[in-house]
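Take a look at the protein shown here. What follows is a short tour for a first-time reader.

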Amino acid sequence: MRARDLLHTRPEGLYCPPGDFFIDPVRPVERALVTHGHADHARPGNGKVLATRETLDIMAIRYGADFCGAMQAAAFGERIDLGGVSATFHPAGHVLGSAQIAVEKGGLTIVASGDYKRGADPTCTPYEPVPCDVFITEATFGLPVFHHPAPKAEMGKLLTSLRQFPERSHLVGAYSLGKAQRVIRLLRDCGYDAPVYIHGALAGLCDYYVSRGIDLGDLRPATTEKGSAVDFRGAVVVGPPSAFADRWARRFNEPLVAFASGWMMVRQRAKQGGVELPLVISDHCDWPELTETIRELAPSEVWVTHGREEALVRWCDLSGVPARPLHLVGYEDEGD
Ligand SMILES: [Zn+2]
């Protein structure tokens with residue numbers, strides 16, 4: 001069997017003809033296998049959805065319990081037969097519940113890794129290398145210029161700023177699924193045990209992480225109706241980045257805006273977003289992680305889904321690994 005007969009692109013997303021299913025479809029389909037809960041990968045309106053328990057729960061929190069016709073939970077490592085094709089979910093280390101999906105038929109294995117990272121993250125199960133013939137990888141930070149620093153060192157910048165500006169409310173922008181919980185957990189791991197105030201948009205997912213055994217410490221709602229600005233002097237307030245461009249943010253005392261994202265490596269992005277304290281904390285692989293992963297797996301072929309495909313494809317070619325871009329559209333790095 002040729003790899004393209006087992007998986008190929010269609011406008012809806014990656015399609016497996018013998019199994020008749022899509023992986024992370026961008027439009028509603030009859031049967032979807034979903035790698036993780038970010039909005040660009042997990043969309044409502046599909047017939048059947050197969051995903052990890054956590055991803056199904058996250059989709060229900062975000063879209064409501066009726067986000068699909070029927071759901072099935074896949075445990076890590078469990079082989080699930082779909083019309084003679086075996087599908088197995090493996091940890092991707094990206095956000096809680098995130099998975100790579102290995103598709104196998106007739107001795108040919110293709111791994112669709114979704115979004116993944118190799119760096120330590122106590123809020124999700126670490127990435128697991130899965131031997132395969134074809135490795136499908138994202139390339140969000142697929143340029144040699146991208147090197148993500150140690151997350152604890154970045155968090156140290158926030159703690160230093162809190163000491164330097166004890167009167168100012170430190171507003172930390174972080175995407176609501178994954179990044180926000182990771183930032184809070186990192187703060188705790190750096191010894192910060194004061195209450196962390198969270199925007200209402202994060203409450204449901206933070207509660208869910210806590211229910212899955214991820215200790216986020218003392219979390220309190222960042223509601224400003226009852227109190228005055230004084231209540232948040234020197235406090236850490238975590239919210240979705242969009243909230244800080246809003247009137248909501250102006251209620252805080254001399255707000256200092258931070259933003260936790262891999263894109264904060266790009267000075268211009270921080271500047272344009274009015275970010276005073278950029279924190280380079282990413283849930284994606286940087287360039288060394290991408291290339292080391294491909295070296296480690298040594299697949300016979302690499303397909304690159306989204307991001308900066310060209311540089312990674314070129315690197316593969318120079319390294320003797322046949323590679324091609326898939327030119328998939330609709331994946332917008334919700335959780336960068
Ligand atoms: Zn993602």
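## About the model

This is a predicted model: local features need pLDDT of at least 70, side-chain atom pairs count only at pLDDT 80 or more, and totals for chains, interfaces and linings use all residues. Residues are numbered from 1 along each chain as its sequence is written.

## Two domains

The protein chain splits into domain 1 (3-145 + 284-325) and domain 2 (151-279). The bounds come from an automatic or database domain assignment. The C-alpha centres of domain 1 and domain 2 are 30 Å apart.

Domain 1 gives 15 residues to the contact, and domain 2 gives 13 residues. Residues are in contact if their C-beta atoms, placed from the backbone, lie within 7 Å. On the side of domain 1 that touches domain 2, six residues are nonpolar, six polar and three charged. Here Ala, Val, Leu, Ile, Met, Phe, Trp, Tyr, Cys and Pro count as nonpolar, Asp, Glu, Lys and Arg as charged, and the others, Gly among them, as polar.

## The largest core

The largest nonpolar core has 94 residues. Such a core is a set of buried Ala, Val, Leu, Ile, Met, Phe, Trp, Tyr and Cys residues joined through C-beta atoms within 7 Å. Buried means that 20 or more other C-beta atoms lie within 10 Å of a residue's own, with C-beta atoms placed from the backbone. Val 172, Val 183, Val 238 and Ala 258 touch the most other members. The core draws at least three residues from each of domain 1 and domain 2.

Leave aside neighbours within four places in sequence, and Val 238 contacts residues including Val 172, Val 183 and His 199.

## Strand E16

Five of the five residues of strand E16 (residues 256-260) are buried, so E16 is largely enclosed by the rest of the structure. Strands (E, at least two residues) and helices (H or I, at least four) are DSSP runs, numbered from the N terminus. Leu 256, Ala 258 and Ala 260 point one way from E16, while Val 257 and Phe 259 point the other way.

Four bridges join strand E12 (residues 170-173) to E16, and the two run parallel. His 170 stands opposite Leu 256.

## Strand E18

Six of the seven residues of strand E18 (residues 301-307) are buried, so E18 too is largely enclosed by the rest of the structure. Strand E11 (residues 134-139) runs parallel to E18, with five bridges between them. Strands pair if DSSP finds at least two bridges between them. Phe 135 has Val 302 as its bridge partner in E18.

Notes: Contact = placed C-beta atoms within 7 Å. Buried ≥ 20, exposed ≤ 12 C-beta atoms within 10 Å, placed from the backbone.
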